[in-house]
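Biologist: Got the model open. Can you walk me through it?
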Amino acid sequence: MGNTGAHQVEEAVASCLALLGTATDRDWDGVKAGRLEWSCRHTAEHIADDLISYAGQLAGRAQHAYVPFEISLDDGTDNSGVLDVIRTTGALLAAAIRTTPREVRAFHPYPFRSADREGFAAMGTAEVLLHTHDIAEGLGLTYQPAPEISEFVLGRIFPHVRPGADHWRTLLWATGRAELPGRAPVTDWRWSNNLVHTTDRLTLQGITPRSAGDLVSGGDGGFEWVEGGPYQGTREASTFLLKAYVSGVHRPEFGVFALVRREDGRAVGGMGFHGAPDEEGRTEIGYDLVEGARGQGYATEALRALSEWALARDDVRTVFAMVERDNLASQAVVTRAGFKKVSEEDEEFGYELGRTE
């Protein structure tokens, strides 16, 4: 995939500057920004503050909280000066994204306490797009960013939102800024960075709809794979993830995870759930490894971690796995992870791991 998200930040900032640059002679202080309680001027300053904050999180590798700083504009800064600050802070965020290694994650509170460089890119892009819309609405301007930028934001940090034909309108609806035919109004919303589980040797990194789309089309999904990867099972699992996303039923925490070695940041396989738990609290799990990474215990390590996480939730009581009858290696994996055989069919065995109470 090869795109860090820096380009989308730059495009969003350019679209903001192009539009608001036509209205710098207007009163931004005395006009509310769309549905916000903030003035257009305060909202513009907030865009710059978000951009530098995200750049600081990445550059400083913040792990437990926001880096405690904010920007303050000089007294007498006019509207054109505010746009200069947005241009500069946008360039700083893009530079931080491009120079941050892929495996680095920095603190962001919602929902899983961290984000990687592409997550910060998507959040920064969203802040620029949405608040430029708010300012434009307040000033009576028309704002229509390129649909590809909105698609990037939706596919990266709104995995729970069913996509629509109009990506920009869908993003506005998902953030409570517009109506969408056939969908109830949104009054409370959050974006969602991907979930990551950590084991001794691996990080299990949630695959976003954006990454899944790239995997399905033959790409690497934004991961650096060991030779021979990604394996076909990961691509097939990404197909199911995309179908759930398009249908609006995707639960990212019960999605697909890339298994990435901590020692070198290279992906060795995929593991994930076939969907959210059913009414009885039962969810099915599957996995595959690139051939060159087999026999080293990676699958067992990941399966233990993901199953333990699931069974610690209130909505999961059992984790189920189906293994082909002649796949002795996979049968050994589930057995080492604590699963018990509960069924035998013509071509598959069923294994189950239940909550201990």
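Predicted model: local features only at pLDDT ≥ 70, side-chain atom pairs only at ≥ 80, totals over all residues.

Biologist: What about E9 and E11, parallel or antiparallel?

Modeller: Antiparallel, over 7 bridges. E11 covers residues 348–354. Its Leu353 is the bridge partner of Val319.

Biologist: Why is E9 described as largely enclosed by the rest of the structure?

Modeller: Because 5 of its 7 residues, within 318–324, are buried. Buried here means under 20% relative accessible area.

Biologist: Switching to the largest pocket. What is its volume?

Modeller: About 1100 Å³. The lining counts 44 residues. Nearest the centre lie Gly270, Ile285, Gly286, Tyr287 and Asp288.

Biologist: Which element gives the largest share of that lining?

Modeller: H8, with 7 residues. E8, H9 and E9 are among the elements that each supply at least two. Others include strand E7 (266–273) and helix H10 (328–336).

Biologist: Now helix H1. What length does it reach?

Modeller: From first C-alpha to last, H1 (residues 6–20) reaches 21 Å. That is close to the 21 Å expected for its 15 residues at 1.5 Å a residue.

Biologist: Which H1 residues are buried?

Modeller: Among them are Val9, Val13, Cys16 and Leu20. What covers the buried residues of H1 includes helices H2, H3, H4, H5 and H7.

Notes. Residues numbered from 1 in each chain as written. Heavy atoms only, no water. Buried < 20%, exposed > 50% of the residue type's maximum accessible area, 1.4 Å probe, protein only. Helix = DSSP H or I, 4+ residues; strand = E, 2+ residues; numbered from the N terminus. Pairing = 2+ DSSP bridges. Expected span 1.5 Å × (residues − 1). Contact = heavy atoms within 4.5 Å. 1 Å grid on protein atoms, 1.4 Å probe; cavity = no way out; pocket = protein on both sides within 12 Å on 5 of 7 lines; lining within 4 Å. Points joined across faces, edges and corners; volume = space filled by probe spheres on them.
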